[in-house]
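Here are some notes to read alongside the model, written for someone opening it for the first time. Please keep the structure in view as you go through the points.

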Amino acid sequence: EEVRIPAPDPFPFDKRLDRLIRISELDDVVQLAFPSTKKLNRIQSIVYPAAYETNENLLVSAPTGAGKTNVAMLTILRELRSNMESNVIKKDDFKVIYVAPMKA
């Protein structure tokens, strides 16, 4: 027997709390990585402070197409930025491991 549970309706967008972050507001590292993107989406904007401004662990669980890959990119960019000196990446000082499923 197959049971299908429909996805819940998304929470209403609250302009005061859910402001989408413009790429142009962010530093050069992010702007170079997202040249054709105008704004982070809702989930990316919500987790941006944790993903890019802290070194805290982060777990994002969201449907396919929600923007999780770009959140991962923000954490990688944070690591790159923290290992830059005079706009040169000190690539021997750190490692980044990105694990993603091959198929959903």
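1. Contact here means heavy atoms within 4.5 Å. By that rule, and not counting residues up to four places away in sequence, Asn83 touches Val88, Ile89, Lys90, Asp93 and Phe94.

2. A word on the source: this is a predicted model, in which local features need pLDDT of at least 70 and side-chain atom pairs count only at pLDDT 80 or more, while totals for chains, interfaces and linings use all residues. Residues are numbered from 1 along each chain as its sequence is written, and side-chain values use heavy atoms, with hydrogens and water left out.

3. Where does Asn83 lie? Look in the loop between helix 3 (68-82) and strand 1 (84-85); helices (H or I, at least four residues) and strands (E, at least two) are DSSP runs, numbered from the N terminus. Asn83 is buried, at a relative accessible area of 10%, where buried means under 20%, exposed over 50% and partly exposed in between, with a 1.4 Å probe and protein chains only. Its side chain also makes a polar contact of 3.4 Å with the side chain of Ser82 (a pair of N or O atoms within 3.5 Å, one able to donate a hydrogen and the other to accept it; residues adjacent in sequence count only if both atoms are side-chain atoms).

4. Next, the aromatic residues. A search of the whole structure finds 1 aromatic pair: Tyr48 and Tyr52 are stacked, 5.6 Å centre to centre with 25 degrees between the planes. Rings of Phe, Tyr and Trp (its six-membered ring) pair if their centres lie within 6.5 Å, and planes under 30 degrees apart count as stacked, over 60 as edge-to-face and the rest as tilted. Because Tyr48 and Tyr52 are 4 residues apart in helix 2, about one helical turn separates them. Tyr48 is buried at 7% relative accessibility, and Tyr52 is buried at 1%.

5. A pocket is an open set of points on a 1 Å grid over the protein atoms alone, with protein on both sides within 12 Å along at least five of seven lines; a 1.4 Å probe is used, and lining residues have an atom within 4 Å of a point. This pocket is lined by 29 residues, of which Lys68, Thr69, Ala72, Tyr98 and Val99 lie nearest its centre. Helix 3 gives the largest share of the lining, 8 residues, and helix 2 (42-53) and helix 3 each supply at least two.
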